[in-house]
Amino acid sequence: MSISSNKKIRALLILILCAILVAGICQAALAAPSNTLDRNALGSITLYPTYDGKAISGGTFDIYKVATLNSSGQYLFDLYGTFINAAGEVDINKANTARELETAAKTLAKYINNVPAAEIIHLDRDIDGNTVNNLSTGAYLIIQTSIGSPYTVAAPFLVFIPSYDNEDGWQYNITAKPKLDRTDEEFTRVSVTKIWNDAGLEATRPSSVKVSLFRNGTQYGGVVTLSKDNNWKYSWRNLDARYTWTVREVEQDGNYIITIDRSGTSFTITNTPKAPPPLASTINVTKLWSGDDSSTRPKSVDVTLYRDGSAYATVTLNAANNWSYAWAGLGDGYTWTVRETSVPAGYTAAVTQSGYTFTVTNTYHGDKTPQTGLIQWPIPVLCLVALCCFIAAAAVNNRRKRHGG
């Protein structure tokens, strides 16, 4: 084979390679979702309960906002309102599998007894339809409160606005299809047990508490008193199994965080004393880093001091102040807390308190941007490679012409 033939073959191979690269680049660019994350967008949740794959009519649901979308621009969520009390038990940012999400939902559901009535969204599918609109971005806990016989309510579950679809990008209008079970029993029994998580503070415990039974979300019968006299327990018998039965503590004094665990038709209500407002003149904050190095760590972070839940003062922590600060001259009688204002990309933040000192720990997890199924970052590199191939092909052709083919 002549040198001229070899050059022709080489030039042809280069041109074919360039064509393949360009085609791949174009396909990736066309297939990539174009929308971006918008934390200020409004969305909706549509609910279609199903049994054995078939939609079931009717049913009522309570919807609770449990977390807001983090302001850092990352797809991360910060627990919201009374659900902040669950921070030590659940991290919804680490819940990825169906089982982890189910466990997170059940944990958060324990805290609904503390949610103000005005913050609960009620959906009656027979009256309101299937959809709740104008929902801000965040994570929502869905609890079904009733369904027609012979079906039983779905387990609590979480819905995230937005959610990411590999083909269509960010989706703000979410459809959920919770799965139902069914029962053919005629009667059932419901029991409740009160537990106190107040070691060392027994003297401040009330002598009794009030609980009530709810049928399909509506209070049923009279109020029951739990105390030492009945060993803090009670049972309701011969209840119609066609209804959904739940138990809540009523007439609360506001001094306890109330959690409710359910196992079948048995309910356990645990009361934990709220931390009293610190009597402090100085609040300290310290920043710690975990799982990173100097190449990923930002030069500074902002932390905010909150007084009774409202922002009071913000400071910048960095190496110059040894990643710590002290607010002095604060008044007594307030509840002081500290949060990191803007968590750096790739990190999650956890706050612990010891006395009047808050420690904010940032743990590095790398880039958690949801995967689209396509690798986007090599596109500029591939474009440059394609351009070089075209230049090389042109040079080969020019040389061939100069040498007479």
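**Entry 1: strand β8**

I began with β8 (138-146), where 9 of the 9 residues are buried, so this strand is largely enclosed by the rest of the structure. I take buried to mean under 20% relative accessible area, exposed over 50%, and partly exposed in between, with a 1.4 Å probe and protein chains only. Strands here are DSSP runs of E with at least two residues, helices are runs of H or I with at least four residues, and both are numbered from the N terminus.

I note that this is a predicted model, in which local features need pLDDT of at least 70 and side-chain atom pairs count only at pLDDT 80 or more, while totals for chains, interfaces and linings use all residues. Residues are numbered from 1 along each chain as its sequence is written, and side-chain values use heavy atoms, with hydrogens and water left out.

I then looked up the partners of β8, counting two strands as paired if DSSP finds at least two bridges between them. Strand β4 (60-69) runs antiparallel to β8, and 8 bridges join the two. Strand β10 (157-161) is also antiparallel to β8, with 5 bridges between them. Ile-142 of β8 stands opposite Ile-63, and in β10 its bridge partner is Phe-157.

**Entry 2: the chain as a whole**

I recorded 4 helices and 28 strands in the chain. Of its 405 residues, 38% count as buried. I found that residues 24 or more positions apart account for 67% of the contacts with a separation of 6 or more; contact means heavy atoms within 4.5 Å. The chain exposes about 22600 Å², of which carbon and sulfur atoms supply 51%. This area comes from the Shrake-Rupley method with a 1.4 Å probe.

**Entry 3: the sheet with β16**

I traced an open sheet of 3 strands in the order β17-β16-β19, paired in the antiparallel sense. Strands β17 (218-227) and β19 (245-250) are at the edges with a single partner strand each, so one side of each has no neighbour in the sheet. Neighbouring strands are turned by 25 degrees against each other on average, direction ignored; the axes are lines fitted to C-alpha atoms, and angles run from 0 to 180 degrees between N-to-C directions.

Between β16 (residues 208-215) and β19 I counted 6 antiparallel bridges. Phe-214 has Thr-246 in β19 as its bridge partner.

**Entry 4: the second largest pocket**

I next examined the second largest pocket, whose volume is about 1000 Å³. It is lined by 35 residues, and the closest to its centre are Val-153, Thr-246, Arg-262, Gly-264 and Phe-267. A pocket is an open set of points on a 1 Å grid over the protein atoms alone, where a 1.4 Å probe fits, with protein on both sides within 12 Å along at least five of seven lines; lining residues have an atom within 4 Å of a point. The volume is the space filled by probe spheres set on the points, which are joined across faces, edges and corners.

Which strand gives the largest share of the lining? It is β19, with 4 residues. Among the other elements that supply at least two lining residues are β4, α2 (98-109), β8 and β20 (256-263).

**Entry 5: backbone exceptions**

Most residues other than glycine have a negative phi, and most peptide bonds are trans. I therefore listed the exceptions below, with this general rule in mind.

The peptide bond from Ile-161 to Pro-162 is cis, with omega near 0 degrees. Pro-162 lies in the loop between β10 and β11 (163-165).

Asn-134, in strand β7 (residues 131-136), has a positive phi near 55 degrees. It counts as exposed, at 62% relative accessibility. Asn-216 has a positive phi near 55 degrees and sits in the loop between β16 and β17. Asn-216 is partly exposed, with a relative accessible area of 24%.

Strand β22 (residues 282-290) runs antiparallel to β25 over 5 bridges, and Ile-283 stands opposite Trp-327 in β25.

In β27 (residues 347-354) I looked up Thr-352, which is partly exposed at 48% relative accessibility. Leaving aside neighbours within four places in sequence, Thr-352 is in contact with Thr-357, Phe-358 and Thr-359.
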